Amino acid sequence: MTKRASDVSAVSASPPRRRSKYILAPLVLIAANVVLFALFFVWPAVIGLVYSFTNYTGVGAFQFIGLDNYHNLFGDSTFYDALTRTLLYAVLFVPLNFALSLLAANLVVGKHAKGASVARVIFFIPWLLSPIVVGVLWRWLFGENFGLVNYVIEKLGGSAVPWQSNADLSLIVVVMAASWAWTGFSMLLFIAAIKNVPVSYYEAASLDGAGPWRQFISITLPSIAPTSFIVILLNTINAMKEYPVFVALNNGGPGTSNNLLVQYIYETGFKRGQIGYASAASFVLMLILMAVAIIQLIVNRRVENR
């Protein structure tokens with residue numbers, strides 16, 4: 001009888017233990033992420049914010065100078081040039097990448113698509129490459145004196161195009177290279193979204209006489225709106241932080257005409273030794289990215305609530 005009573009008590013005690021495990025395990029997993037986030041994101045951000053109010057040069061002691069860095073930054077024409085070029089790059093890159101990835105996703109998931117698996121791998125390979133490798137590859141293609149494209153143009157009787165010495169053409173080449181590299185990732189997001197659209201929608205539209213284009217406009221685009229929002233947001237943030245592709249392809253040239261904001265921050269902080277000033281520019285960039293994310297979130301919620 002004593003043994004049975006202990007068994008009963010053990011059985012009755014097991015649910016709380018299981019509950020405690022279910023509660024403890026998520027807390028441990030969340031705590032690990034919180035510690036990593038605080039260590040590698042929050043702490044550097046706090047240090048950067050403190051430096052932005054100082055004259056820190058990277059070595060030795062520093063002094064607090066209040067808002068002088070921000071005051072000088074908003075009067076710096078080089079900063080505005082870099083910011084303008086960054087916004088122009090984002091305006092060109094985000095729509096092009098969105099269109100290419102959406103087109104590729106629709107071609108791959110189409111009813112009559114042949115070799116869809118191979119096509120996905122081919123589209124996705126550029127995203128696996130290092131941005132430096134992407135820049136070098138496109139420099140070989142669009143090099144002004146040794147590029148393959150100019151070689152073909154000259155063989156056909158044309159004149160070499162100044163892909164590197166013309167600032168606008170140089171920027172367009174970088175936009176194409178970055179879009180080529182990021183299309184695979186965005187395409188995968190769109191493929192997952194398109195496959196989640198109920199087939200019955202398309203069947204009903206076909207019975208009503210809607211063609212493929214009408215179905216794409218009226219069914220596919222509204223159904224994948226949340227994914228479109230994510231793609232646009234990620235691409236915008238990526239564009240505003242772009243650096244390695246520019247360095248590998250044209251080093252922000254010709255001259256400094258294509259220096260983006262991140263390159264401006266890097267050169268100010270590490271080449272000129274103005275860590276405090278560069279930290280102020282970094283925080284301005286962070287505020288811009290937060291504003292972009294909030295605006296896109298508000299727009300997305302309004303579209304979803306219609």
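**Confidence, cores and ring pairs**

The protein chain has a mean pLDDT (the predictor's confidence in each residue, from 0 to 100) of 87, and 93% of its residues reach 70 or more. This is a predicted model, so to speak of local features a pLDDT of at least 70 is needed, side-chain atom pairs count only at 80 or more, and totals for chains, interfaces and linings use all residues. Residues are numbered from 1 along each chain as its sequence is written, and side-chain values use heavy atoms, with hydrogens and water left out.

What about the inside? A nonpolar core is a set of buried (under 20% relative accessible area, 1.4 Å probe, protein chains only) Ala, Val, Leu, Ile, Met, Phe, Trp, Tyr and Cys residues joined through side-chain atoms within 4.5 Å. The largest one here has 37 residues, and Tyr89 and Tyr264 have the most contacts (heavy atoms within 4.5 Å) inside it.

Aromatic rings turn up too: the structure holds 20 pairs, counting rings of Phe, Tyr and Trp (its six-membered ring) with centres within 6.5 Å; planes under 30 degrees apart are stacked, over 60 edge-to-face and the rest tilted. Tyr51 and Phe62 sit with ring centres 5.8 Å apart and planes at 80°, so they are edge-to-face. Phe79 and Tyr264 lie 185 residues apart in the chain.

Technical notes. Buried < 20%, exposed > 50% of the residue type's maximum accessible area, 1.4 Å probe, protein only. Helix = DSSP H or I, 4+ residues; strand = E, 2+ residues; numbered from the N terminus.
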